[in-house]
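Work through the exercises below with the sequence and the 3D view side by side. Try each task before you read its solution.

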Amino acid sequence: MTTTPWAPGSATGIGSLPGDDPLEAATVVLGELPDLPHLPELPARGLGADMIGRTAALLVDLAVEFVPSGYRVTARPGIDHRRGVDHLRRDLDAIEEAVGRAGAAPAVLKVQVTGPWTLMSGIELPRGHRVLTDRGALREFTESLSEGLKEHVTEVRRRTGAPVVVQLDEPSLPTVLAGALPTPSGFGTVPAVAEPEARETLAAVIDAARAATGRPVIVHCCAPRPPIALLRSAGADALAVDATLLDDIPAALSDEIGEAWDAGVTFFLGMLPSTDPGKAPTLRAAADPALRLVDRLGFPRDILGTRAVVTPTCGLAGASTGWARRAMALARDVGKAFVEPPESW
């Protein structure tokens, strides 16, 4: 197991934030999440700032355009592709400036990249089928993403002076495995991807991320039934899940989570609402999903201080700026409470 570069009791964000000012977002993240800040994503800026367009901007020797049905491969970079590249460049400019203003690089900085299956389920080939339906295209995209990811990590590290960890976002993976992904026309579904193939492709990108950073790789899947065993077997060092969805999971999935934790995997546990809750939860209420999980699995609660990182349940793009900041502060407080629990717990 790779040693974790974040401190016990750390908290972080999943990725997205509200608003369209990258410098303000970077400054807030560095201030509210000092132990494990992340490179903010601002999808409110529109096309190219969403998770597919943003990661497509990293691809090497591949380009996309936007058509009525979504993103599609194109022969050469056009205005749509360049928009994604420009958004990403401004984000890097902002984090570099924010770190400079802070006066010191963070101990570690997290970057988020759309994982191969979610990326290739969100982009069409020129003839209209999704990329993941074509083995040759799948291999080409996997190699291109791996190479682009390496270049991205190098650039972030150069600009900030901080060690980098990578989070691969795979919200669509359960749908891909279930054969429930609609075709671009909407009149059918894409055949299910077999687990060995899913594992092999994801493992290739995880390996590339680990080689680029020399640090653990996080895979994020906020689905109600994340494929824990598959993600582990693909080589994920840490798993990011929505802890508020784990109360009624099947026994088999509970076993997979327990086995992963027992093997030393770190869980990034989503516990703070990703949209405004009306009334902010108390520290104990925010921590309850994680406390219930470890109690049910039979682990001592102190495992949360050493092998858990607190996060919102998902990205905060749909939240108000006030709640986004409050959610990050609460996540930080919950993380510290896992290390030094209040007497009332």
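## Exercise 1: A parallel pair and its crossover

Strand β7 (residues 238-242) and strand β8 (residues 266-272) run parallel and are joined by 5 bridges. The model is predicted: local features need pLDDT of at least 70, side-chain atom pairs count only at pLDDT 80 or more, and totals for chains, interfaces and linings use all residues. Residues are numbered from 1 along each chain as its sequence is written, and side-chain values use heavy atoms, with hydrogens and water left out.

**Solution.** 
- Start with the terms. Helices (H or I, at least four residues) and strands (E, at least two) are DSSP runs, numbered from the N terminus. Two strands pair if DSSP finds at least two bridges between them.
- Follow the chain. From β7 it goes through helix α9 (residues 251-262) to β8, a right-handed β-α-β crossover. Right-handed means that, with the strands pointing away from the viewer, the path from the first strand over the helix to the second runs clockwise.
- Find a bridge. Aspartate 242 has glycine 270 in β8 as its bridge partner.
- Look at the next pairing. β8 also pairs with strand β9 (residues 308-312), in the parallel sense, over 5 bridges. There, leucine 272 stands opposite proline 312.
- Check the cover. In β8, 7 of 7 residues are buried. Buried means under 20% relative accessible area, exposed over 50%, partly exposed in between (1.4 Å probe, protein chains only).

## Exercise 2: An open sheet

**Task.** In what order do the 3 strands of the open sheet lie?

**Solution.** 
- Take the hairpin. β1 (residues 63-67) and β2 (residues 70-74) are antiparallel, with 5 bridges. Between them lie 2 residues. Valine 64 faces valine 73 in β2.
- Arginine 72 is opposite glutamate 124 in β4.
- Read off the order. It is β1-β2-β4, and the pairing is mixed. β1 and β4 are the edge strands, each pairing on one side only.

## Exercise 3: Helix lengths

**Task.** Why does the span of helix α5 agree with its number of residues?

**Solution.** 
- Use the rule. The expected span is 1.5 Å times one less than the number of residues.
- Apply it to α5 (residues 135-160). Its 26 residues should span 38 Å, and the end C-alpha atoms are 37 Å apart, so the two agree.
- Apply it to α3 (residues 79-102). Its 24 residues should span 34 Å, and its end C-alpha atoms are 34 Å apart, which agrees.
- Look at the ends. Glycine 161 follows α5 with a positive phi, near 75 degrees. Glycine 103 follows α3, also with a positive phi, near 90 degrees.
- Look at the start of α5. A side-chain oxygen of aspartate 134 comes within 3.0 Å of the backbone nitrogen of glycine 136.

## Exercise 4: A histidine in a helix

**Task.** Is histidine 81 buried or exposed?

**Solution.** 
- Histidine 81 belongs to helix α3.
- Read its area. The relative accessible area is 7%, so histidine 81 is buried.
- List its contacts (heavy atoms within 4.5 Å). Leaving aside neighbours within four places in sequence, histidine 81 touches Ala56, Ala57, Leu62, Ala63 and Val64.
- Find the polar approach. A polar atom of the histidine 81 side chain lies 3.2 Å from the backbone nitrogen of valine 64.
- Widen the view. The cover of the buried residues of α3 includes α1 (22-32), α2 (51-56), β1, β3 (109-114) and α5.

## Exercise 5: Aromatic rings

**Task.** Which kind of pair do the rings of phenylalanine 66 and tyrosine 71 form?

**Solution.** 
- Know the cut-offs. Rings of Phe, Tyr and Trp (its six-membered ring) pair if their centres lie within 6.5 Å; planes under 30 degrees apart are stacked, over 60 edge-to-face, the rest tilted.
- Count. The whole structure holds 5 aromatic pairs.
- Classify. The centres of phenylalanine 66 and tyrosine 71 are 5.1 Å apart and the planes are at 80 degrees, so the pair is edge-to-face.
- Phenylalanine 66 is partly exposed at 40% relative accessible area, whereas tyrosine 71 is buried at 6%.
- Find the cluster. Ring pairs link Trp261, Phe267 and Phe299.

Key: A polar contact is a pair of N or O atoms within 3.5 Å; within protein, one must be able to donate a hydrogen and the other to accept it, and residues adjacent in sequence count only if both atoms are side-chain atoms.
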